[in-house]
Every structure is written in C-alpha cells, then in structure tokens.
Amino acid sequence: MADLQKPEELYKTDNRPPTTDWMETPSEIKKGIACYAGNPKSLEYVGLPNPRSWSCFDEDWQLPENWQQIIHDGFRERLEKFRSFKVFMDICVRCGACADKCHYFIGTGDPKNMPVLRAELLRSVYRNDFTTAGKILGKLGGARPMTMDVLKEWWSYLFQCSECRRCSVFCPYGIDTAEITIMGRELLNLLGLNIDWIATPVANCYRTGNHLGIQPHAFKDMLDFFQDDIEEITGVRVEPQFNKVGADILFITPSGDVFADPGTYTCMGYMMLFHFLKEKYGFDVTWSTYASEGGNFGFFTSHEMMKRLNSKMYAEAKRLGVKWILGGECGHMWRVINQYMDTMNGPADFLEEPVSPITGTKFENAKSTKMVHITEFTADLLKHGKLDLDKTRNDNLKVTFHDSCNPSRGMGLLDEPRYVIKNVCNHFYEMPENTIREQTFCCGSGSGLNAGEDMELRMAGGLPRANAVKFVHETKGVNTLATICAIDRAALPDLMSYWVPEVTVYGVHEMVGNALLLPGENERQTDLRGEPLPGMEDADE
Amino acid sequence: MNTKYMYSLLSVIVLSLISYFLVEAASGFKVLFGVIIPYLALIVFVAGFINRMMYWTRSPVPFCIPTTCGQQKSLPWIKPNRIDNPFSKRAVIVRMLLEIVFFRSLFRNTRLKLKSGPKIAYNLEIFLWVGALAFHWAFLTVLLRHLRFFIEPVPMLVQALEKVDAFFRIEILYDVAQFGLPGVYLSGIVLLAAVTYLFLRRVFIPNVRYISLAADFFPLFLIFGIVFTGILMRYVTKIDVVAAKELTMGLVTFHPTIPEGVSSIFYVHLFFVSILLMYFPFSKLMHLGGVFLSPTRNLPADTRATRHVNPWNYPVHVHTYEEYEDEFREKMVEAGLPVVKQPVETPPDESEEKE
C-alpha cells in the first residue's frame with residue numbers, strides 16, 4: 001500500500017480542471033488509487049479469459065494480439081443487447097449537471113472522475129467505431145480510436161467508479177454511469193482485465209458459496225463462535241439451523257457479516273432476532289452454507305457472472321423447499337435481488353408469496369421475487385408490537401443513518417431501516433438532506449473497490465460521506481453511524497477513523513440485538529461488542 | 001483560445017456567408033437555398049430521426065433498472081413516493097411527463113462548494129434548470145408561432161399564442177409607435193438570452209468548459225444564428241412577410257416558388273434551419289427522442305412484484321449444490337451439517353445427529 005497522506009493533505013479545495021484538453025491529458029495509473037490485478041487462478045477457476053500474472057503498473061499488459069478487435073466486437077454485442085447502453089452513448093448533451101455529484105470527483109478533484117467524462121472515455125471510442133459523424137470528424141467530433149493508452153485510461157477510471165448511481169439522479173435523461181461502468185468492466189474482462197478484490201471473491205463465491213471462501217464447516221464454526229458470545233452476554237444459547245430441508249424460510253446475508261467486525265455484531269443481531277422469534281412464535285428459519293453469500297461480486301464483473309453467482313439463492317431455496325427467502329443487510333446484493341434476480345434466474349414459482357408467519361403481513365411488493373429485506377421484515381414486526389425491547393440499552397448511541405447507494409437508488413428502501421432504528425434507539429439524527437436518501441453518498445469503497453492498496457482513493461471518495469457525518473457529529477453529538485450494507489460495515493470504520501475518528505459504525509440489526517429482550521435472559525452488563533451498557537459502566541469493577 | 005468553439009463559430013459564420021453571398025450573387029441560388037436544401041433537410045431530418053429511434057429500439061431492454069429517487073412501495077403503512085419510485089405504469093407516465101415537460105431531475109441540481117475545514121456544501125443551483133427550461137419552452141413557442149408561415153388561414157391557436165407571446169407590445173407601444181415596430185415576441189428574446197447563457201456557462205464554468213466538445217458549441221451557435229437572423233428580419237430589416245409566406249406556402253403545398261422581395265437574410269435564416277434539421281439526427285440533439293427511451297426513467301420500480309423478462313436470457317454454468325457437496329462432504333459431515341449423499345467410509349448415523 002502506498003503511504004496514505006494525512007487528511008489535511010488529501011483534501012483539496014481547488015478542483016479546477018487542467019488547461020489541456022482531456023483527450024490530450026495523459027492518465028497516469030497511480031499507486032494508492034489503482035487496485036491490483038486479478039489473480040490468474042481466480043480467473044481460471046470461473047473460466048474468465050486471458051488468465052495470467054500481470055500488473056496494471058507494467059508497461060506490457062500481456063493482452064491477446066487481437067485485443068482491439070475483441071473490444072470492438074464486445075462493444076457491438078453489448079450495444080445490440082442493451083438499449084440503455086446505446087441510448088446512453090448517444091444522448092448526453094454534456095450539460096454538466098452530474099459533474100460535481102460524484103464522490104470520487106469531489107474527493108480527488110480528478111476531472112476524469114466527473115461522471116460525464118467517465119462516460120466520454122467510452123463514448124469517444126463509440127463515436128469512432130460506430131458513428132458516421134465520429135468517423136468523418138475524428139477528434140473534432142469527440143472521437144478517438146482505441147489505443148493502449150485509452151485502454152489504460154478505461155481501466156483506471158472504470159475502477160474509480162463505485163456504480164452508486166448518484167449522478168443518474170441528477171441527469172435530466174437519467175443517464176446512469178453505473179450502467180456504463182458495468183459495460184466497460186465487461187469489456188475489460190474480455191481481455192482478462194479485472195482487479196483481484198473482485199476476481200478472487202467471485203471465484204471463492206462460485207466454489208464455496210461465499211466471497212470470503214469460507215468452507216461449510218468453517219461457516220458453521222463462525223456462527224458457533226457467535227453463539228458462545230451471545231450466551232456469554234445474555235445467558236441464552238441461540239441455536240441457528242443450517243441447510244435444513246423443509247424450513248419455512250431461507251436466510252441469506254453477506255458473508256462479511258459472518259467474518260469481520262463490525263458485521264459480526266450485526267450477524268449476532270440476526271441470530272438473536274431469529275431465536276426470539278423461534279421461542280415466542282415458532283419461527284423456522286435456516287441458514288445455508290451453499291448459498292452463504294448475499295453479495296454478488298459477479299455484478300462487478302459481468303451480467304453473466306452475476307447470474308452465475310446469484311443462481312445459488314433460488315437453487316438452494318428450491319432444494320430446501322422453503323416458502324420464501326429473507327435477505328440480510330447488504331447494498332449491491334439488494335440491487336441484484338431487486339432489479340436482476342427474478343429476470344435472470346426466475347420465475348421462482350416453486351416458492352410462495354412471502355407472508356410473515358408472525359404478523360400475517362403479505363409482502364405484496366415481493367410477490368414475484370419472493371425475497372424480503374430484513375428491515376422490511378423487522379419493521380413489520382415492530383409495527384405490530386411483536387418484539388420485546390429495551391431501547392435504553394442503546395442510549396449511549398447517538399445515531400445517524402447512512403443510506404447505502406443500492407438500496408436507495410436501486411430500490412428505494414429508505415424508511416424501513418429508519419423505522420427500525422427509531423424503534424430500538426432513542427437518539428436519531430439525520431445528516432443534511434443533500435447527503436441522504438436518494439442523494440446519499442457512497443462509502444467510497446463500493447463495487448469491489450474495498451481493497452487495501454487503493455486506500456487513497458477510498459478515503460478521498462468517502463470524503464463527502466464522512467464530511468456529512470462530521471457535521472452531525474459536531475452539531476448533534478452523533479457518535480454512531482448505522483448502515484444496512486456489509487461493504488459499508490467493512491469500509492466505513494476505516495473512513496471514520498480517517499476523517500471522523502469519534503464515530504463508530506453499526507449495523508441496524510446489531511442495535512436490534514442490543515435492545516431485544518430474549519426470553520429467559522440474564523440482566524445484560526454489556527452490549528454485543530462487550531462494551532458496558534449505559535448505566536453498567538461500573539458493573540465490572 | 002478554445003479551438004472547439006472557434007471551429008464551431010467559424011463554421012457557422014462560413015455557412016452564413018456562403019448562403020448570403022451566393023444568394024446575393026445569382027438568383028439561381030435562391031432555388032438552391034429556398035427550395036432544394038429545405039426539402040433535402042426535411043427528408044434527412046425525418047428519415048434520420050426515425051432511423052435513430054429504430055436503431056435504439058432494436059436493442060431490447062433486458063433488465064428493469066429504474067433509478068429510484070424516493071421511498072419504495074413496501075409495507076402498507078409506509079408512504080411511498082409514487083412519482084420518483086413509480087410502482088405502476090401510470091406513475092411512470094407522470095414521472096416521464098414531469099421529466100420531459102419540467103426537467104424535474106435538473107431541478108434537483110446543486111453546486112458543490114469546497115471550504116476549508118474540510119467542509120463541503122451543496123448549494124441550490126437553479127440557473128441551469130431555469131436556462132434549460134427557458135431555452136426549450138421559448139424554442140417550442142417560436143416553432144409553434146412559425147406555423148403561421150405554413151398554414152393558411154392561420155389557426156386560431158397560433159394567433160392566440162402570438163397574442164400571449166406579444167403581450168409586451170402594450171407596455172412599450174407609445175415608445176415604439178413612431179418606428180412602427182411590430183410587437184415584441186417575448187419568446188424570441190428569451191430564446192436569444194437562454195442560448196447566450198448556455199453558451200457562456202460552457203465558456204466560463206471551468207468544469208463545463210472542460211467537458212464541452214465542438215458538438216456542444218456548434219448547435220448553440222447555429223441556433224443563435226437562427227434567432228439572430230429572425231430577430232433582425234422582424235425588427236430591423238423589416239422582411240416582406242407576405243413574400244416570405246408565399247415561399248413557405250409554396251414549400252408545404254409542393255408548388256415551390258421564389259417570390260420577389262425576399263431579402264437575402266431570409267435565405268440565411270432558412271439555410272441555418274436546414275442545417276439544424278440535417279444535423280439533428282446525427283447529434284446529441286437526438287436527446288429529444290432518446291429521453292423517452294431511457295430505461296432508468298421509463299420503467300416501473302416494481303421488479304420484485306412483477307417479473308421483467310429478458311428476451312436473450314441464456315443458461316449459464318453454475319456451481320450446483322451436488323458439486324458443492326461432493327467437494328466438501330467429509331468436512332460437512334464432520335461439522336454435523338446435513339448432507340444429501342452419505343460419504344462412503346463414514347458411518348451414516350453421524351450425519352443424522354443434526355436436524
């Protein structure tokens with residue numbers, strides 16, 4: 001990892017572009033910004049082309065000889081398959097409304113991080129290859145041929161986009177840079193150009209069912225470990241079920257929640273909720289080690305890879321014979337479930353339209369996909385007063401909520417998590433309105449960019465989010481940043497410790513777990529992190 | 001000097017000079033600029049427009065990918081944002097109408113301010129929205145007013161529009177009466193101002209200047225030229241309107257004539273319009289058609305309730321549960337996880353423990 005600058009050095013108030021035209025300004029692949037190349041073994045495992053050992057910092061990228069033809073043909077194929085791609089290549093008027101909406105542009109000041117220019121990197125080649133005007137006018141018409149420099153520029157800037165869709169909210173035509181980045185990354189993958197932080201999770205997920213490559217026995221071990229922790233804190237032993245044929249509901253969450261703090265506390269929250277519901281209402285839910293990943297890094301590789309990885313959800317639901325699927329807190333997982341899964345791997349006619357077995361609520365909005373978001377599920381429980389809670393156990397938390405990009409702009413899941421938070425916490429404050437809900441800012445590490453080597457990019461890209469957190473920290477005393485996304489839970493702690501070190505990151509269901517009164521539990525001394533509960537600070541001594 | 005706008009400006013100047021001097025030089029060219037090129041332009045425009053729309057619609061919409069800009073419809077007691085997260089076709093139509101008629105997304109625009117601190121502010125930036133709205137609505141009004149030249153008798157609606165557009169006349173009547181100036185059409189002035197604003201922001205806002213291409217300046221100069229020559233004819237050089245209408249009526253009735261008394265500026269004006277029509281289908285101006293086809297706006301956000309079908313959905317290689325269990329069976333059994341097939345060497349009762 002390149003040495004990371006101090007926050008005051010990273011922050012630039014001047015983001016005026018250089019004086020040279022962007023096509024004339026060479027792009028440099030920088031340490032601290034770029035991610036390492038995909039491991040050839042990972043590419044090989046899932047059958048991606050051109051697996052080899054290479055680095056983006058090398059002069060020679062070891063491409064196939066006809067790489068320009070491959071890109072050209074791939075470009076044409078995608079134009080023919082996706083109307084979005086065609087229309088977005090043609091209709092941009094470069095009004096500039098998107099320009100300062102991108103968190104990477106705000107943070108880096110690099111003009112090629114303006115969404116419009118990121119798209120122009122592809123459009124310039126599109127004009128050259130596929131339009132008459134571009135062929136005749138050449139550079140004057142905004143066209144340029146595909147060269148090695150252009151390819152390197154694509155690589156650089158397509159992996160500086162987190163597919164967050166914020167620009168698309170402001171675009172008068174709804175041009176979605178995420179869509180353009182998705183196509184661009186598909187094209188790069190035709191040449192074996194992927195980053196390892198995406199390629200290896202993809203291969204892991206294909207093989208073991210989850211990005212982290214946790215094998216089934218280890219997955220169970222992890223949850224065993226949480227069982228012990230929960231027992232230690234509450235005196236109650238929860239008993240998760242695995243791969244249970246005939247269970248009512250299949251639960252799928254990102255493996256990040258099983259593996260790394262602070263997601264693990266969210267995972268404990270799920271387990272406690274399920275235990276509570278089982279004891280009180282006979283709720284029958286199973287985890288799966290085969291479909292043990294909610295996230296889908298295939299989405300950051302290609303539509304095909306997304307489909308291949310996503311297929312496990314329905315396949316496992318069918319095999320286990322459950323009624324419907326419950327999904328955990330995750331960002332892009334829900335974009336895939338909401339906008340792609342049913343189309344790609346449906347129809348899920350072997351499942352039932354989801355009904356909460358506890359409240360009888362029909363989740364009409366999920367009647368075809370048959371998959372319900374856990375905050376929809378929990379909000380419904382809370383509304384019907386089905387949970388026993390002690391909110392004061394979260395009284396030390398002054399909470400603000402970070403809307404994750406995909407649930408906001410690829411779904412519209414905004415009020416459900418807020419409702420849950422307000423029901424389990426007494427202190428909730430919103431960040432400024434230009435930074436939440438559909439205008440929310442990315443954590444800076446989405447779409448597979450949560451690596452270690454691109455820390456400068458992540459800290460710069462996360463600046464707008466961090467700055468809004470800092471604002472509520474300073475004005476309202478906020479000390480807790482709640483999220484419903486596993487990548488957020490992995491990325492935001494780094495971001496907070498860099499920009500606003502006084503703020504800690506929580507999952508929503510961790511706070512539910514804290515507040516939830518399990519049947520037969522002891523008086524708790526600590527929260528799920530082992531920190532003393534409010535009023536219990538002296539209990540240890 | 002910015003070569004992109006210089007080239008665009010130069011080409012518009014050259015175009016105007018060519019048409020003006022050729023028409024001045026020989027009346028034969030009046031047929032070229034008054035009849036042949038306008039007909040050609042119209043054909044290119046219509047054919048090109050249809051062709052581009054067909055080119056786009058030939059590609060399917062494999063996934064339903066609306067950008068949701070508000071609360072989804074989920075639990076009955078949570079208030080959805082019906083327009084920005086449209087659940088029904090009707091709501092989509094409302095969303096599209098607001099987008100197309102009032103530029104709703106552009107209305108959200110903010111401008112970034114990076115202050116020391118670090119402190120980032122997002123200020124309301126309404127000028128682009130106002131400028132764009134003024135430009136498009138004024139353009140539409142001007143276009144509709146010009147129907148006067150293509151329909152005889154002039155429809156009531158067009159006359160009414162002219163009245164509304166020229167309401168300024170009353171206010172400055174006594175001031176201008178001695179010049180006999182016709183009523184000032186607000187639309188023309190607004191259009192000229194809006195086009196100027198859209199040009200100036202491309203020159204003076206650094207980021208917008210950086211992203212601008214020659215193709216962004218050219219139509220602005222061309223439209224400026226059209227409006228400018230129009231205003232010049234109406235208020236300064238006083239075109240012979242009757243003669244001009246004779247020419248335009250000749251075009252629509254397919255009996256083209258070149259009447260006497262039509263000034264050369266008129267031919268420049270008409271030539272600019274012809275160029276704009278011919279340029280249109282091959283340029284970003286096609287956003288006029290494309291805005292209707294944008295999948296992030298024109299689809300309902302109901303994908304979990306109604307399955308969207310991808311016409312080219314094809315089977316892919318997947319890693320099946322059976323393959324998975326084959327690889328991990330021993331470890332699963334050892335951990336007490338249920339398996340479908342028992343391992344050969346392991347006694348079968350062990351895996352039955354769990355569940």
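1. The model is predicted: local features need pLDDT of at least 70, side-chain atom pairs count only at pLDDT 80 or more, and totals for chains, interfaces and linings use all residues. Residues are numbered from 1 along each chain as its sequence is written, while chains are lettered from A and ligands numbered from 1 in the order in which they are written.

2. In chain A, 94 residues are in contact with 84 residues of chain B (C-beta atoms, placed from the backbone, within 7 Å). Helix 15 of chain A, residues 303-320, gives the most to the side that touches chain B, with seven residues. Helices are DSSP runs of H or I with at least four residues, strands runs of E with at least two, numbered from the N terminus. That side of chain A has 39 nonpolar, 26 polar and 29 charged residues. Ala, Val, Leu, Ile, Met, Phe, Trp, Tyr, Cys and Pro count as nonpolar, Asp, Glu, Lys and Arg as charged, and the others, Gly among them, as polar.

3. Strand 1 (residues 110-115) and strand 2 (residues 119-124) of chain B run antiparallel and are joined by six bridges; pairing requires at least two DSSP bridges. K113(B) is opposite A121(B) of strand 2. The two strands form a hairpin with three residues between them, and G117(B) in the turn has a positive phi of about 155°.

4. N39(A) lies in the loop between helix 1 (7-10) and helix 2 (40-45) of chain A. Beyond its neighbours within four places in sequence, N39(A) is in contact with D196(A), A199(A) and T200(A).

Conventions
Contact = placed C-beta atoms within 7 Å.
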